[in-house]
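Dear colleague,

I am handing over the structure we talked about, and below it you will find an account of what turned up when it was examined. Please read the notes with the coordinates open beside them.

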Amino acid sequence: LTADRQEGIGVCGWILVSLSFFLVLITFPFSIWACIKVIREYERAVVFRLGRVLSKKAKGPGLILVLPCTDTFIKVDLRTVTCNIPPQEVLTKDAVTTQVDGVVYYRIHSAVSAVANITDVHSATFLLAQTTLRNVLGTQSLAQLLAGREEMAHSIQALLDSATEHWGIKVARVEIKDIRIPVAMQRAMATEAEAAREARAKIVAAEGEMNASKALKQASMVLTESPAALQLRYLQTLTAVASENNSTIGFPFPINLLESLGQKKRG
């Protein structure tokens with residue numbers, strides 16, 4: 001559609017174009033206001049002469065000449081367009097229904113292709129973005145979907161960019177804004193996470209008890225080898241109890257008496 005647009009206008013076409021030039025000349029300078037068009041910096045004009053694109057390249061920015069009766073033109077905005085994808089119902093690979101919405105940033109890099117190759121380029125890009133979002137996310141599990149948003153966005157961007165290339169569209173960025181899962185699934189995931197945390201807490205507590213028992217065993221062996229150390233430890237305990245609570249009264253009890261009582265029981 002974008003090649004050899006100047007060919008085939010025929011003799012009648014050239015006659016009509018000549019008449020248009022003649023009309024402009026005889027009505028000059030009044031006709032200049034109808035023939036001169038201003039194209040902004042961010043716009044391009046696709047000019048049609050007798051129904052055919054005038055050249056392979058769009059006109060602008062600046063002033064362009066449009067002949068009356070034979071020429072028509074369409075302005076194309078080249079600025080980046082934000083396409084907000086509404087929440088889409090997606091069935092993940094592990095059969096979980098989710099709602100995913102996103103946003104697509106794209107721009108037109110070929111005005112001629114955007115006008116000549118498709119009826120409504122913005123509507124087509126919007127619908128294609130919705131379909132691509134559902135297709136790509138439907139091949140992933142819920143865990144992959146929650147953990148790999150960036151990878152999914154890059155995959156969607158690559159697919160959209162390749163599909164819209166012949167429309168003159170360049171997809172700049174795709175972002176997944178939000179992933180909504182059912183309330184029952186949220187509760188189940190919260191319960192699972194809580195159970196996992198409790199299991200880890202029990203394991204940590206058990207490891208602490210094991211380490212404490214090993215330390216106590218080593219301490220008991222040291223105290224057995226040195227009876228004086230046991231008495232010193234006893235005095236340190238009394239000092240700690242007295243310093244923590246002033247109302248607590250500690251009565252020293254001879255350790256030797258405990259040892260003699262133990263020997264009498266054995267005997």
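A residue is called buried when its relative accessible area is under 20%, exposed when that area is over 50%, and partly exposed in between. Leu 50, with a relative accessible area of 33%, is therefore partly exposed. Please keep in mind throughout that this is a predicted model.

On the overall picture, the secondary structure of the protein amounts to nine helices and eight strands, and buried residues account for 27% of its 267 residues. Of the contacts in the protein with a separation of 6 or more, 69% are between residues 24 or more positions apart.

Leu 50 sits in the loop between β2 (43–49) and β3, and its phi is near 55°, which is a positive value in a residue other than glycine. A positive phi is also found at Cys 69, where the angle is near 75°, and this residue belongs to the loop between β4 and β5. Cys 69 has a relative accessibility of 75%, and because the cut-off for exposed is over 50%, Cys 69 counts as exposed.

Thr 70 lies in that loop between β4 (62–65) and β5 as well, but its relative accessibility is 6%, so Thr 70 counts as buried.

Pro 61 is part of the loop between β3 (52–53) and β4.

Turning to the open spaces, the largest pocket holds about 160 Å³ of space. Its lining consists of Lys 75, Val 76, Asp 77, Arg 79, Val 81, Ile 108, Ala 114, Val 115, Ile 118, Thr 119, Val 121 and His 122, which divide into seven nonpolar, two polar and three charged residues. At least two lining residues come from each of β5 (71–77), α3 (111–116) and α4 (121–137), and β5 gives the most, with three. The lining of this pocket also draws on two domains, since domain 1 (11–77) and domain 2 (80–185) each supply at least three of its residues.

The residues that line the largest cavity are Ala 45, Val 46, Val 47, Val 53, Leu 54, Ser 55, Lys 57, Ala 58, Lys 59 and Val 112. By type they are seven nonpolar, one polar and two charged, and β2 gives the most to this lining, with three residues.

With best regards

Terms used:
Residues are numbered from 1 along each chain as its sequence is written. This is a predicted model: local features need pLDDT of at least 70, side-chain atom pairs count only at pLDDT 80 or more; totals for chains, interfaces and linings use all residues. Side-chain values use heavy atoms; hydrogens and water are left out. On a 1 Å grid over the protein atoms alone, a cavity is a set of points where a 1.4 Å probe fits but cannot get out, and a pocket is an open set with protein on both sides within 12 Å along at least five of seven lines; lining residues have an atom within 4 Å of a point. Grid points are joined across faces, edges and corners, and a volume is the space filled by probe spheres set on the points. Helices (H or I, at least four residues) and strands (E, at least two) are DSSP runs, numbered from the N terminus. Ala, Val, Leu, Ile, Met, Phe, Trp, Tyr, Cys and Pro count as nonpolar, Asp, Glu, Lys and Arg as charged, and the others, Gly among them, as polar. Domain bounds come from an automatic or database domain assignment. Buried means under 20% relative accessible area, exposed over 50%, partly exposed in between (1.4 Å probe, protein chains only). Contact means heavy atoms within 4.5 Å.
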